[in-house]
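Subject: Structure handover

Hello,

Here is the structure we talked about. Please open it first, then read my notes below.

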Amino acid sequence: MVNFIHVSFGITSFILCLITVIFGAKTAGRFGKSRISKTSFKTHKFLSITTGILVTISFLLGFFTSGGFEPEIELEMEGPHFWTGLTAFILILLQILPSLIIKKRKKIRLIHRYIGYMLFIILLIQLVSGILRID
Ligand code: HEM
Ligand code: HEM
């Protein structure tokens, strides 16, 4: 059951991240609109927070069902799934929290772009490595 939640939240978070990135690119004016709509920003913000919550739950479920801080975790960590999961969890916090706190967008715009597109690739690796782990 816990595994089922982990897998379905993981898959959903990947799909949501894709839509978040598309709305992010739209908000940044990449689809050729000179006037950026408020709706695309609000959608981007809402979807990103939902993605963040799902990734966090997925990470915690994956981490604790495979032993948490028990010594056996060493054996469970083989493959990139743990490390990409941990990276995605940290990056998503680094992406969302400053965006919500810092009001001067210019300061974080470039790093937001790098982390944003990177997160999508990491979650893709997470999805593929996760599917390969199902037995
Ligand atoms: C999962 C979290 C998030 C991801 C993956 C993400 C990803 C992205 C991406 C890929 C872009 C396009 C950048 C470009 O092409 O130049 C973007 C733009 C943008 N994002 Fe996010 N984002 C996230 C969370 C947030 C949050 C929480 C906010 C604000 C509350 C935010 C506000 C913006 C804004 C205003 C833009 C337009 C360009 C800019 O001013 O930086 N994002 N985002
Ligand atoms: C947000 C996305 C995800 C995160 C943060 C995440 C994180 C984790 C972590 C930390 C573990 C435990 C460490 C390990 O055993 O290597 C784990 C285990 C696992 N994950 Fe994920 N995962 C995600 C998505 C997925 C997806 C999409 C699938 C499958 C389609 C999946 C399948 C699995 C499986 C089968 C295990 C092994 C569970 C076990 O041994 O009981 N994960 N995940």
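Tyr114 counts as exposed, because 11 C-beta neighbours lie inside 10 Å. The scale works like this: a residue is buried if 20 or more other C-beta atoms lie within 10 Å of its own, exposed if 12 or fewer, and partly exposed in between, with C-beta atoms placed from the backbone. Tyr114 sits in helix 5.

Gly116 and Gly24 are 92 residues apart in sequence, yet their C-alpha atoms are 8.4 Å apart in space.

A word on the source. This is a predicted model, in which local features need pLDDT of at least 70 and side-chain atom pairs count only at pLDDT 80 or more, while totals for chains, interfaces and linings use all residues. Residues are numbered from 1 along each chain as its sequence is written, and chains are lettered from A and ligands numbered from 1 in the order in which they are written.

The overall fold

The protein chain has five helices and zero strands. Along the sequence the pattern reads α-α-α-α-α. Helices (H or I, at least four residues) and strands (E, at least two) are DSSP runs, numbered from the N terminus. Of the 135 residues in the protein chain, 23% count as buried.

Helix 2 has 28 residues. It reaches 41 Å from first C-alpha to last, close to the 40 Å expected at 1.5 Å a residue. The expected span is 1.5 Å times one less than the number of residues. Buried residues in helix 2 include His44, Ser48, Leu54, Phe59 and Gly62.

How the helices pack

Helix 4 and helix 5 pack at about 150°, with axes 9 Å apart. That makes helix 4 roughly antiparallel to helix 5. Axes are lines fitted to C-alpha atoms, for helices over the stretch in contact, and angles run from 0 to 180 degrees between N-to-C directions. Angles under 35 degrees count as roughly parallel, over 145 as roughly antiparallel, 65 to 115 as roughly perpendicular and the rest as oblique.

The crossing of helix 4 past helix 5 is left-handed. That label applies if the near helix is turned anticlockwise from the far one by less than a right angle; clockwise is right-handed.

Helix 2 and helix 4 also pack at about 150°, with axes 10 Å apart. So helix 2 is roughly antiparallel to helix 4. Helix 2 passes helix 4 in a left-handed crossing.

The two ligands

Ligand 1 is surrounded by 26 residues, the closest being Gly24, Ala28, Ser48, Ser99 and Gly116. A residue counts as near if its C-beta atom, placed from the backbone, lies within 6 Å. Helix 1 (2-27), helix 2 (38-65), helix 4 (81-101) and helix 5 (105-133) each supply at least two residues of this shell. Helix 5 gives the largest share, seven residues. By class, the shell has 10 nonpolar, 11 polar and five charged residues. Ala, Val, Leu, Ile, Met, Phe, Trp, Tyr, Cys and Pro count as nonpolar, Asp, Glu, Lys and Arg as charged, and the others, Gly among them, as polar.

Ligand 2 is surrounded by 26 residues. The closest are Gly10, Gly62, Phe82, Gly85 and Gly130. This shell divides into 12 nonpolar, 12 polar and two charged residues.

Best wishes
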